[in-house]
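Dear colleague,

Please find below the structure that I am handing over to you.

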Amino acid sequence: MESVLGLLRVRVIRGVNLANRDLRSSDPYVLLTMGNQKVMTAHVKKNLNPEWNEELTLAVVDPALTVKLELYDKDTLGLDDRMGDAEFEIQPFMEAMKAHEEHPEEVPSGTIIRRLAPSRQNCLAEDSSIVWVDGKIVQYITLRLRNVECGEVELQLQ
């Protein structure tokens, strides 16, 4: 059995300008996959700008793994429709956690530890900051969805 390095809490905050997959709207939900683990949010009925504000937990066994995010439209009949996907690396977040454990000096709340910029190699829609907030390392992420005409999903890692 693989040893667990820690737990990654992913707060799925909201979706912005999601694609319409039904007649008038969509019933979106998020599926996160890391390795062989899968967790998902509840679906939000008839909303292209849903507010989930839901915390999902993944066990970290390999910090080199990426987390894949898939967005679906919940359908009553038939298969759920895909509404895009994205992925993000947890390596920078894990490195910030490790650096803080090695140097636990008091850091003022709000201190930015690291900033990641959007590039062709990632799904970031804007700069992602890893911040020291009230005694915790937190990363704020906005992902631009791929394989779809529009949409972004906002996350927070702890």
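This is a predicted model: local features need pLDDT of at least 70, side-chain atom pairs count only at pLDDT 80 or more; totals for chains, interfaces and linings use all residues.

Six strands form it, in the order 4-1-10-9-8-7, and their pairing is antiparallel. Its edges are strand 4 and strand 7 (111-116), each of which pairs on one side only. From one strand to the next, the twist averages 20 degrees. Within this sheet, strand 1 (residues 6-16) and strand 4 are joined in the antiparallel sense by eight bridges.

Strand 5 pairs with strand 2 (residues 28-34) in the antiparallel sense, over six bridges. Here Y29 stands opposite Y72 of strand 5. Strand 5 is also joined to strand 6 (residues 81-89), by seven bridges, and these two strands likewise run antiparallel. V67 has F88 in strand 6 as its bridge partner. As to burial, six of the eight residues of strand 5 are buried, so this strand is largely enclosed by the rest of the structure.

I turn next to the nonpolar core. The largest such core comprises 35 residues, and the members that touch the most others are V12, L143 and L155. Strand 4 (residues 51-60) gives the most to this core, contributing four residues. What surrounds V12, once its neighbours within four places in sequence are left aside? Its contacts are V30, L32, T41, W52, N53, E54, L56, V153, E154 and L155.

Finally, I would draw your attention to Q156, which lies in strand 10 (residues 152-157). Is Q156 buried or exposed? Its relative accessible area is 14%, and Q156 therefore counts as buried, the cut-off being under 20%. Not counting residues up to four places away in sequence, Q156 touches R9, V10, R11 and I13, together with V138, Q139 and Y140.

I hope that these notes are of use when you examine the model.

With kind regards

Key
Residues are numbered from 1 along each chain as its sequence is written. Side-chain values use heavy atoms; hydrogens and water are left out. A nonpolar core is a set of buried Ala, Val, Leu, Ile, Met, Phe, Trp, Tyr and Cys residues joined through side-chain atoms within 4.5 Å. Buried means under 20% relative accessible area, exposed over 50%, partly exposed in between (1.4 Å probe, protein chains only). Contact means heavy atoms within 4.5 Å. Two strands pair if DSSP finds at least two bridges between them. Axes are lines fitted to C-alpha atoms, for helices over the stretch in contact, and angles run from 0 to 180 degrees between N-to-C directions.
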